[in-house]
Protein chains: 4
Amino acid sequence: MYRFTNDYSEGAHPSILAALAETNLEGNFGYGCDPHCERAAALIREKIGRPDADVHFLVGGTQTNATCICAFLRPHEAVISAATGHVCVHETGAIEATGHKCLAMPCGPDGKLTPDAVRAAVAAHPDEHMVKPRLVYISNTTETGGAYTAAELAALRAVCDELGLLLYLDGARLASALACGGASFEELAALCDAFTIGGTKNGALFGEAVCILNPALKPDFRYILKQHGGMLAKGWLLGVQFEQLMADGLYEQLGQHSTRMAQRLAAGLEKLGVAFGSPSPSNQVFPILPDEVLKKLEGSFHWEAQGPAQPGFTRIRLVCSWATCEEAVAAFLLAAEQALADCPACL
Amino acid sequence: MYRFTNDYSEGAHPSILAALAETNLEGNFGYGCDPHCERAAALIREKIGRPDADVHFLVGGTQTNATCICAFLRPHEAVISAATGHVCVHETGAIEATGHKCLAMPCGPDGKLTPDAVRAAVAAHPDEHMVKPRLVYISNTTETGGAYTAAELAALRAVCDELGLLLYLDGARLASALACGGASFEELAALCDAFTIGGTKNGALFGEAVCILNPALKPDFRYILKQHGGMLAKGWLLGVQFEQLMADGLYEQLGQHSTRMAQRLAAGLEKLGVAFGSPSPSNQVFPILPDEVLKKLEGSFHWEAQGPAQPGFTRIRLVCSWATCEEAVAAFLLAAEQALADCPACL
Amino acid sequence: MYRFTNDYSEGAHPSILAALAETNLEGNFGYGCDPHCERAAALIREKIGRPDADVHFLVGGTQTNATCICAFLRPHEAVISAATGHVCVHETGAIEATGHKCLAMPCGPDGKLTPDAVRAAVAAHPDEHMVKPRLVYISNTTETGGAYTAAELAALRAVCDELGLLLYLDGARLASALACGGASFEELAALCDAFTIGGTKNGALFGEAVCILNPALKPDFRYILKQHGGMLAKGWLLGVQFEQLMADGLYEQLGQHSTRMAQRLAAGLEKLGVAFGSPSPSNQVFPILPDEVLKKLEGSFHWEAQGPAQPGFTRIRLVCSWATCEEAVAAFLLAAEQALADCPACL
Amino acid sequence: MYRFTNDYSEGAHPSILAALAETNLEGNFGYGCDPHCERAAALIREKIGRPDADVHFLVGGTQTNATCICAFLRPHEAVISAATGHVCVHETGAIEATGHKCLAMPCGPDGKLTPDAVRAAVAAHPDEHMVKPRLVYISNTTETGGAYTAAELAALRAVCDELGLLLYLDGARLASALACGGASFEELAALCDAFTIGGTKNGALFGEAVCILNPALKPDFRYILKQHGGMLAKGWLLGVQFEQLMADGLYEQLGQHSTRMAQRLAAGLEKLGVAFGSPSPSNQVFPILPDEVLKKLEGSFHWEAQGPAQPGFTRIRLVCSWATCEEAVAAFLLAAEQALADCPACL
C-alpha cells in the first residue's frame with residue numbers, strides 16, 4: 001500500500017530522529033529557552049539574511065496561524081485571504097475564535113491571492129460599520145499547490161504598503177515552494193511582515209517556525225504564544241529538529257525531493273493523457289481520473305478525493321513527502337497506465 | 001430638507017414619547033424586572049400566539065444579534081447568512097467577535113437566503129476541520145427590502161429541521177415586512193426558533209424585542225444579555241415603549257405607513273421611467289437615477305448613495321419611516337419629474 | 001412607598017425630557033454623527049479643559065467598560081481592579097468575555113484601589129506564563145461609596161507611569177464623586193488615560209460619555225464601539241441629553257442633590273446611634289440596622305439588603321438620586337427613629 | 001550539574017523513544033485517526049474501567065485545559081479553582097481568552113480546593129449580574145504537591161452534584177498522585193466529569209490524554225480540539241507514546257520512581273532539620289533553605305526559587321522526574337548536609 005494522501009503520514013527524517021535520541025537525556029530548560037532553540041533560531045536568521053528577526057517555534061499550523069493573527073491584530077481588524085486559504089476553510093474557524101473575521105476573496109485555480117483581490121477587499125470595507133481589513137494571509141505553497149514568485153510577492157507587498165496592510169505568509173509547505181521557483185528565504189524575509197517555515201510537512205515530527213520581521217509585531221509575542229497553548233514544555237524538541245533542518249541544506253533537499261516525486265507523477269500522468277484540476281509545480285498534484293480507473297487503483301494506493309469533475313471523473317490530490325520513494329511513484333504510474341489501458345473509452 | 005436617508009432619523013412616535021413622560025417619575029426596579037416589561041412581554045406573547053415564548057428587550061440591533069447568536073451557539077458552530085446579511089457586512093464583525101464564523105452565501109437581489117443556499121453551506125462543511133453550520137440568520141425585511149412570505153419561511157424551516165439547524169430571524173424592519181405580505185407574527189412564531197421585533201426603526205426611540213420559542217435556547221439568556229452590555233439599567237423604558245407599540249395595532253399601523261410612503265415613491269418613479277436596483281415591496285426602495293438628476297435633488301433631499309449602476313447613473317436607497325409625511329414624498333416625486341424633464345436624454 | 005434601592009429608578013430630569021421632546025422630529029443623521037453629539041462633546045471638552053479629548057457616547061455602563069477595555073488592551077493584557085470593582089463582580093464577566101483577565105486586588109471598606117495594591121498585582125505577574133497587568137480600573141465613586149481625591153488619583157497616576165500602566169476611571173457615579181470632594185473634571189482629565197461620565201445615574205434616561213485623553217488609545221475606537229453593539233442608531237438622543245447635563249452646571253447640581261440627600265440620611269441615622277458598614281461621603285450610604293427595625297420599615301421603603309452584619313443586624317444600601325425628594329429622606333428618618341425607639345434593646 | 005528544576009527537563013523514556021523510531025515510517029492517517037491512538041484509547045478505557053469514555057490526545061497542558069473548558073462551558077459560565085490553580089495563574093489567561101472567568105478561591109498550603117470553597121464560590125454568585133459558576137477545576141497533584149484522596153474527590157463530587165457543577169481534574173502530574181495515595185484511575189473515572197492523564201511530565205516527549213465521562217460533554221469535542229490548534233497532524237505520535245505508557249504499568253512505575261526520589265530528598269532534608277513550605281507527598285517538595293546554603297549548592301544543582309520565607313531563607317521547589325537518578329538525590333543530600341554543617345547558625 002502506497003500513500004499519497006498527504007505529506008504528514010510519516011514521522012521524522014532519520015537524522016532528526018537521531019538528534020532527538022542523542023539529546024534525549026541531556027537536560028534542558030523548558031519552554032523554548034534552551035541552546036537548541038537558540039541555535040536553530042540563529043541558523044534561521046542567517047538563512048533568511050535577517051539578524052534582526054524574532055524567531056519562535058510552535059508545534060502545529062493551525063495553532064501558529066491563530067497565534068500570529070491574534071497577536072498581530074486589534075479586535076476590529078480582519079484578515080484578507082484567498083477563499084481557499086487554509087485559515088478560511090480548514091481550521092474550524094480558529095481565526096474567528098480569536099475574534100477576527102476572515103474575508104474570503106475569489107482566487108484562481110492556483111489558489112493565489114492577487115493585489116486586485118486585496119484592493120477589492122479594502123474597497124468593500126470603507127467605514128466603521130464594517131471590519132477593517134488589516135492582514136493579508138497567503139499560504140505558500142497554496143492549498144492547490146501554487147508557489148508565489150518573488151515578483152508576485154513584491155506586488156502584494158506594494159499593495160500592502162499602499163493600503164496600510166500587514167503581509168503574513170503561512171509556510172506550512174514552504175519547502176516545496178522553495179523547490180519549484182517560489183520566492184527565496186531572503187526574498188520572503190524582505191517582503192513579509194512575518195512568515196512561517198513549516199517543519200511538520202518537511203521532515204520534522206512536528207514544528208513550525210515563525211519569523212517576525214516587522215518590529216511593531218514583536219513585543220510580547222511569547223505571552224500570546226503561551227495563552228494559545230503553543231508554548232511546548234519540552235521546547236528544545238523543536239530546537240533540535242530545526243537545527244537539523246536548517247543545517248547543511250536538509251530543509252531544501254527534502255523539499256526538492258517531495259517536489260520532484262510529485263512532478264514525476266504529474267509528468268507521467270500527463271503523458272498518459274490525464275488532465276489536471278489545477279496547475280501545480282509543487283509537491284501536490286491534482287489529476288482528474290476516471291472513476292473506473294480509481295476503483296482499480298484504490299486497493300494499492302491512498303489519496304484524497306476532492307470531488308467530482310465532469311461525470312464519471314473525480315479530481316484527486318496526490319501528495320509526495322520527503323519520505324515518498326521512487327518505487328511508489330513508479331508503481332502508481334504503472335498501475336495508472338494499465339488501468340487506463342484497460343479502459344480505452346475513459347479519456 | 002426632506003430625509004429619506006434611513007428610518008431612524010426621527011425620535012419616537014408621539015404616543016410613545018407621552019408614555020415615557022407620564023411614567024418618568026413613577027419609580028421602577030431596574031434591569032427589565034418591572035411591570036411595563038412584563039405587560040409588554042405579555043402583549044407580544046398574545047400577538048404571536050405563543051404564551052410559552054420568552055421575551056427580552058434590548059436597545060439596539062447589532063447588540064441583539066450578537067447576544068442571541070452568542071447565546072445560541074457552541075464555540076465551533078457557525079452562522080449561515082445571505083452574503084448581504086446585516087451580520088455578515090454591517091456589524092463590524094460583532095458575530096466573529098463572539099467567536100463564530102459567518103458563512104456568507106450567495107443570494108438574489110432581494111437579499112433572501114434560499115433553502116438551496118442553506119444546503120450548499122452545510123454540504124461544504126462536512127467534517128471537524130471546518131466550522132459546523134448551525135444557525136440560519138435571515139433579516140426580514142432584508143437589507144435590500146425583500147420580505148419573506150410564510151411559504152418561504154416554511155421552506156427554510158423544513159431545511160433547518162432536516163439538517164439540524166436553528167432558524168433565527170432579525171426583525172429590525174419587521175413592521176414593514178408585515179405590511180407588505182411577509183409572514184405574520186403567528187407564522188414567524190411557529191416557524192422560527194427565535195426572532196426579533198424591531199422598535200428602533202418603527203416608532204420607538206430605541207428597542208428590539210427578542211422572542212425565543214425553542215425551549216433549548218431559553219436557559220440563562222439574561223446572563224448573556226448582561227454580559228454583552230444589553231441589560232438596560234432603566235429597563236422599563238423598553239417596556240413602556242413596547243407597551244405602546246404592541247397595543248391597539250400601533251406597530252402594524254406605523255409599518256403600513258412607512259411602507260405605503262416608500263411604495264408611493266417607487267410607483268411614482270416607475271411612472272417616470274426609472275429603473276430599480278432591486279425589487280422591494282417594503283419601506284426601502286432602490287431607484288437608479290441619473291447623476292445629473294441626483295445633483296439637482298441633493299439640495300432638498302437626503303438619501304444614501306449605494307454606488308454606480310451603469311455609467312452616469314447611481315443606485316440610491318430611499319427609506320421611509322413612520323414619520324415620513326406625504327408632503328415629503330410628493331415633493332420628491334415632483335422634483336424628480338422636473339429634473340428628469342430638464343434632462344431628456346437621461347433615461 | 002419611597003425608593004432608596006438605587007439611583008436609576010426614575011427616568012430623566014424634566015429638562016432632558018423636554019429637550020428630547022423638542023428635538024424629536026428635527027431629523028438627524030444616525031450613529032452619533034449629528035450636531036447634538038458634536039455640541040455635547042464640545043461642552044465636555046471645555047468642562048474638562050482638554051480640547052484634544054476624544055469623546056464618545058454609549059448607552060450603558062457594562063457596555064462602556066467592556067468596549068473601552070477591549071479597545072485599549074492587547075489579548076494577553078489584564079485589568080487590575082479592586083476586588084469589589086464593578087468589572088470584577090457585577091458585569092457577568094463582560095471583561096473576560098472579551099478575553100481579558102481581571103485581577104481582583106484587596107481593598108479597604110471604601111472600595112478604593114491603592115498604589116500598593118497596583119504594585120502587588122504587577123509584582124505577582126513577572127513573566128509570560130502569566131497575564132500582563134496593563135490597565136488599572138477604578139470606579140469613582142466606588143461600589144461602596146468612596147470618592148478618589150485628586151491626591152489619591154495623582155498617586156495612582158504616578159504608579160501607573162512608573163510601571164507602564166493605563167489608568168481608566170469608570171465614572172458611572174462621577175457626579176456624586178464631584179459633589180463630595182473627589183477630583184475635579186480637570187484633574188480627572190489630567191490624570192487618567194480615559195474616564196467616563198455617567199449620565200444614567202445622574203439625570204439622563206441613559207448614557208455614558210467616554211473621554212479618551214491618551215492619543216495612543218484613540219484610533220479606531222468607533223469600530224470597537226460598533227462591534228460591541230454600543231453605537232446607538234439614534235445617537236443624537238445621547239447628544240441631546242449630554243447637552244443638557246453639561247450646560248449650566250446641571251450635571252454638578254444633580255450630583256450635589258443626590259449626595260446631600262444621602263448624607264442627610266447618614267447624619268440622621270448616625271444621630272440615632274446607627275453604625276455603618278463602610279464610610280461613604282457620596283450618594284450611597286451603608287447603615288447596619290437591626291432586622292426588627294428593617295421589618296417595620298419594609299412596608300414603606302425600598303432598599304438593597306447587602307447581607308448580615310453581626311447577628312440580628314443587616315447591612316443595607318440606601319441610594320439617593322437626582323429625583324430623591326427631601327420628604328422621602330425625612331420620612332425614612334422619622335420611621336427609623338420610631339422603629340428604633342420601639343426596640344430599645346436593639347442598638 | 002543535577003537538575004531538580006522541573007519534571008520536563010528530559011525527553012522520553014527509552015521505550016517510548018524506541019517505539020517512535022520503530023513506527024517512524026509505517027505510514028498512518030493523520031489527526032489522531034490511526035490504530036495507535038485507537039489502541040492507546042482502548043488501553044486507557046480498560047485501565048479506568050470505563051468502556052464508554054471518550055479519549056482524546058493533545059500535545060500540552062495549557063492547550064488541554066483551555067480546549068476542555070471552552071468545550072464544556074456556555075459563555076457566561078465560570079471556573080471555580082484554588083487560587084494557586086494552574087489555570088488561574090500560570091496559563092497567561094488562556095481560560096479568560098476563551099471568554100470564561102476563573103474564580104480564584106482560597107486554599108491551604110497543599111493547594112487543594114475544598115467543598116466549602118466551592119460552596120462559597122457559588123454562594124457569592126447568586127444572580128445574572130455575575131458569572132455563573134459551573135466547572136470545578138482541580139489539579140492532581142496540585143501546584144504545591146498535594147494529591148486528592150478518593151474520599152476528598154468524593155466530597156467534591158457530592159458538592160458538584162448538589163450545586164449542578166462539573167468536576168474537571170487536570171492530571172498533568174497524575175502519575176505522582178497515583179503513586180502517593182491519591183485516588184485511583186477507576187475512582188477518578190467514577191467521580192469526575194472529565195480528567196486528563198499527563199504524559200509530558202511522566203515519560204513522554206509530550207502528550208496529555210483527555211478522558212470524558214459525562215456524555216453531555218462528548219459531542220463535537222474534536223471540532224473544539226481543532227479550533228484550538230490541538231489536533232496534531234501526526235496524531236499517531238501521541239497514540240504510540242500512550243500505548244507504551246499505558247501498557248505493562250509503565251505509567252505507574254515512572255510516577256512511583258519520581259515520587260520516591262522526591263520523597264527521599266524530603267526525608268533526607270527533614271533529617272537535617274530543614275522545614276518545608278508546604279507538605280507534599282508527591283514528586284515535588286518545597287524545602288525552606290538558608291540562602292547561604294543555597295549559594296553553596298547552586299553551582300551543582302538547579303531548582304526553582306519560589307521566594308523568600310523568613311529573613312535569610314528561601315523556599316525552593318525540588319522536582320524529580322522519571323529520569324531523576326538515585327545518584328542525583330544522594331549528591332544533593334550530601335551537599336546540603338555539608339553546607340548546613342558549615343553554617344551551624346543557619347537552622
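## A salt bridge between chains D and B

In this predicted model, the side chain of Lys132(D) forms a salt bridge with that of Asp220(B), with 2.7 Å from N to O. The rule finds 4 salt bridges across the interface of chain D and chain B. Across that interface there are also 12 residue pairs in polar contact, counted where both residues have pLDDT 80 or more. Two elements of chain D, α3 and α10 (221-227), each give two or more residues to the side that touches chain B. The largest share of that side comes from α10(D), with 5 residues.

The size of an interface is often given as the accessible area lost when the parts come together. For chain D and chain B, the buried area is about 2000 Å², of which 51% lies on carbon and sulfur atoms. On the side of chain D, the residues that lose the most area to chain B are Glu128(D), His129(D) and Tyr223(D), which together account for 33% of what that side buries. In terms of contacts, chain D contributes 21 residues and chain B contributes 21 residues.

## The symmetry of the two copies

Chain D can be superposed on chain B by a rotation of 180° with 0.0 Å of shift along the axis, and the RMSD is 0.0 Å. The two copies are thus related as by a two-fold rotation axis. The residue of chain D that comes closest to this axis is Arg74(D), whose C-alpha lies at 3.6 Å from it.

The interface residues follow this relation. Of the interface residues of chain D, 100% are also interface residues in chain B, so the copies meet through the same surface.

## The interface of chains A and D

Chain D also meets chain A, where 42 residues of chain A are in contact with 42 residues of chain D. Together these two chains bury about 3600 Å², and 60% of that area is on carbon and sulfur atoms. How many salt bridges does the rule find across the interface of chain A and chain D? The number is 0. Polar contacts are present, however: 22 residue pairs are counted between chain A and chain D, both residues having pLDDT 80 or more.

Several helices of chain A take part. Those giving two or more residues to the side that touches chain D are α1, α3 (61-72), α5 (94-97), α10 (221-227) and α11 (236-246) of chain A. The element that gives the most to this side is α10(A), with 3 residues.

## The buried side of helix α1 in chain D

Helix α1 of chain D spans residues 14-22, and its buried residues are Ile16(D), Leu17(D), Ala19(D) and Leu20(D). These residues are on the same side of α1(D), because they cover an arc of only 160° around the axis. An α-helix has 3.6 residues a turn, so residues three or four places apart point the same way. The cover over the buried residues of α1(D) includes α1 (14-22) of chain A and α11 (236-246) of chain D.

Thr62(D) belongs to helix α3 of chain D, which comprises residues 61-72. Is Thr62(D) buried or exposed? Its relative accessible area is 8%, which means that Thr62(D) is buried, since the cut-off for a buried residue is under 20%.

How values were computed:
Residues are numbered from 1 along each chain as its sequence is written. Chains are lettered from A and ligands numbered from 1 in the order in which they are written. This is a predicted model: local features need pLDDT of at least 70, side-chain atom pairs count only at pLDDT 80 or more; totals for chains, interfaces and linings use all residues. Side-chain values use heavy atoms; hydrogens and water are left out. Helices (H or I, at least four residues) and strands (E, at least two) are DSSP runs, numbered from the N terminus. Buried means under 20% relative accessible area, exposed over 50%, partly exposed in between (1.4 Å probe, protein chains only). Copies are superposed by least squares on the C-alpha atoms of residues with pLDDT of at least 70 in both. Contact means heavy atoms within 4.5 Å. The arc is that of the directions from the helix axis to the C-beta atoms. Buried area is the accessible area (1.4 Å probe) that two parts lose on being put together, summed over both. A polar contact is a pair of N or O atoms within 3.5 Å; within protein, one must be able to donate a hydrogen and the other to accept it, and residues adjacent in sequence count only if both atoms are side-chain atoms.
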